[in-house]
Amino acid sequence: MNRLPILTGILFLLPGMALADAGARIAELEQAVAAAQMSADNAWMLVSSALVLMMTGPGLALFYGGLVRRKNVLGTMMHSFILMAVATVLWAVIGYSLAFGGGGRLVGNFDHLLLDGVGTDASGGIPALTFMVFQLMFAIITPALISGAFAERMKFSAMLLFTVLWSFVVYYPMAHMVWGGGGLLNAFENGPIPCFDFAGGTVVHISSGVSALVCALYIGKRHGFPSEAMKPHNLVISVIGACLLWVGWFGFNAGSALSAGAGASTAFVATHFGAAAATLGWVLVEWIRDGKPSMLGAITGAVAGLVGITPAAGFVTPMAALVIGFLAGVVCYWMVAVVKHKLGYDDSLDAFGVHGVGGTVGAVLTGVFATKAVADPPEGWAGLGLVDGNAFQVVNQTLGALLTWVLAALATFLILKICDALVGVRVDSEQETQGLDLAMHGEEAYNFES
Amino acid sequence: MKKIEAIIQPFKLDEVKEALIAIGIDGMTVIEVRGHGRQKGHKEIYRGQEYTVDLLPKVKLELVVPDSRADEVIQTLAAAARTGKIGDGKIFVSEVAEAIRIRNDDRGEAAL
C-alpha cells in the first residue's frame, strides 16, 4: 500500500529526467500555467455561482418575505425557494441548451439537451459545467423577481405554470440574444443591435420588471388596496435580505466577468459604488419629500442601484458607477413613491418600479458611460459608449431595452391568459383574506401556541 | 378585593413594576395591547405610501389587591406611569367577587 505513492512519484519523475527536449518542457510548463489560471478562475466562478444562488435564497425570499403581511410570508418565500428547484431541473433538461446552444439570432438549439456535451472541458477559460451552473443561478432569480408584483394573491399552481412558460418564452431567448453565440443583441458577437449588458440589465431586470408590471395589471389589486393598510410585516428580515442581495450581487456582477481577472475587479467596485450612491440618492429624496429617511427607503435604494449598475458593471469607471447608482436611486424612488400612486396599479413589492425602471435606466446609461478605459471594445470598434465618442451606442442600448420591454410584455400577457384558462391565476377572495400561507400551503409562519 | 387595570405607555412598564414591587405588590399580569384614547395615531410612510396608524402599542397591567391597599397601589402606579403628556393611559378599578389559588384552593384575600 505504502509503495504506491513512491511508484507514482517515480513514474512522474522518470519522463522529466529523460526530457532532453526543452520545447517539450516549455509546453509542459505552459500547460501547467494554463491549468493554474483555469483553477483560479474556476474558484472565483464557483464562489460567484454560490453567491448568486444566495441572492434568491435567502436574499430575495427574506427581502420580499418581510414586505408582505404576516399571513403571506411563507407563500412569498416559497415563490423564491421553489424556483431554486424548478428552474434548476428545467435548466438541466433543456433550458441551458435553449439559452446557450448554437449560434442562432433569437434562441439556442437542442445541442445541449440533458446537458449533452457540457462537461469539464475548459477551452472557454472555465469548465463548461461551471459556466452552466453560474448561468443557471440567473435563470433562478429572474422569474423569482417577478413574484413581487403578484405577491399575496396568485395561486401557487398558476405561479409554477407561469414561471415555467415564462422561462421558455422570455428568459431563454433573452439570455441567448444578449449573451449567446450570434445573439441579436450581443455586441461581442456582431449582433445587429449591438448592446452591452454585462450581467443582465435587459436579460434579468428589464425582462422581469416589465413582466411584473403586466402581472400586476392583469391580476389586479390586492383585496382592500389601497384603502387598507398593507404595511410590511417585518422590515428586519427585509433588511437582512437586502444585505444578502448586496453581497450576492458581487457574484452576480463580478462573476459575470467569467474570470478572476481585472474585469472582475472593475465590476466588483462598480457594483458596490452603484449600490452606495443609490442608497444615498433614494434616502435623500425621501428625506426631502416625505420628511424622514427610512430604513425601507435605504434598502430599496440599494437594490435599485444594484439593478442600475448591473448592465454597466464591467464597462464603467468607479466614478461613473456612482453617477449611475445615484440616478437609479432617484428615478426608482420617483417611480415607486410618486408615479405608481398616481397610476394606481398594485405592483405590491415594486418589482417593476425597481427592476423594470432601474434596469432601463442602467441599460441606457451603460451606453453613455461604457468606456475602453476599463474594458476592451468589440473587435473593430473604436470605443464603447458616449464617453468614448460613440454616441450611437445610447440608441443601441435604448433599442435593446425597448425590444426587451416588448417581448416581456407581450409574452407575459399571453402566458397569463393561458394560465388563467388552465388553472386560474388568482386565489378566490376567501383564500386571499385567509392568506396564502394557510390557503395555499396549509401552514403559518408565526405560531403563537407552539 | 379590587381589580386594577392600568393601560400605560410601554416604556413606563419597568418603572411601574419596580414601584409596585417596592410597596410589596408581588403579583401582576402584563399584556401587550393596542389602542388609543384622546391621543391620536401617527403617520407612517412606506415607499411613499402613507398610512395612519391609530391603534398604538400600549401595555396593560392587571392586578388584584385587598380593598385596604387599593388606593395606595393606584397612587403608586399612577405616579410611576405619569409623564404628564397625552397618551399616558388610564386606570380602571372594579370589584372582584372571588379569588382562588389553584394550587391549594385558598379563597379570597388569602389567595392574592
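Mentor: In chain B, strand 1 (residues 2-8) and strand 5 (residues 56-65) pair in the antiparallel sense over seven bridges. Strands here are DSSP runs of E, at least two residues; helices are runs of H or I, at least four residues; both are numbered from the N terminus. Two strands pair if DSSP finds at least two bridges between them.

Trainee: Before we go on, what are the ground rules?

Mentor: This is a predicted model: local features need pLDDT of at least 70, side-chain atom pairs count only at pLDDT 80 or more, and totals for chains, interfaces and linings use all residues. Residues are numbered from 1 along each chain as its sequence is written, while chains are lettered from A and ligands numbered from 1 in the order in which they are written.

Trainee: Which residue in strand 5 of chain B stands opposite K3(B)?

Mentor: V64(B).

Trainee: And what is the strand order in that sheet?

Mentor: 2-5-1-6 in chain B, an open sheet of four strands with antiparallel pairing. Strand 2 (29-35) and strand 6 (89-95) are the edges, each pairing on one side only. The twist averages 20 degrees from one strand to the next.

Trainee: How many bridges join strand 2 to strand 5 of chain B?

Mentor: Seven, and the two strands run antiparallel. G35(B) has L56(B) in strand 5 as its bridge partner. Buried takes 20 or more other C-beta atoms within 10 Å of the residue's own, exposed 12 or fewer, partly exposed in between, with C-beta atoms placed from the backbone.

Trainee: Which strands does helix 2 of chain B lie across?

Mentor: Strand 1, strand 5 and strand 6 of chain B. That helix, residues 70-81, runs at about 5 degrees to strand 1. Axes are lines fitted to C-alpha atoms, for helices over the stretch in contact, and angles run from 0 to 180 degrees between N-to-C directions.

Trainee: Switching to chain A. How many helices and strands?

Mentor: 14 helices and zero strands. The radius of gyration, over C-alpha atoms, is 23 Å, close to the 22 Å that the globule rule (2.2 Å times the number of residues to the power 0.38) gives for 450 residues, so chain A is as compact as a globular protein of that length. Buried residues make up 55% of the chain.

Trainee: How do helix 5 and helix 6 of chain A cross?

Mentor: At roughly 150 degrees, with axes that come within 9 Å.

Trainee: How many residues of chain A are in contact with chain B?

Mentor: 13, against seven residues of chain B. Contact means C-beta atoms, placed from the backbone, within 7 Å. Helix 10 (318-343) of chain A gives the most to that side of chain A, with four residues.

Trainee: Is E152(A) buried or exposed?

Mentor: Buried, with 23 other C-beta atoms within 10 Å. E152(A) has a positive phi of about 75 degrees although it is not a glycine. D105(B) also has a positive phi, near 65 degrees, but D105(B) is exposed, with 8 other C-beta atoms within 10 Å.

Terms used: Contact = placed C-beta atoms within 7 Å.
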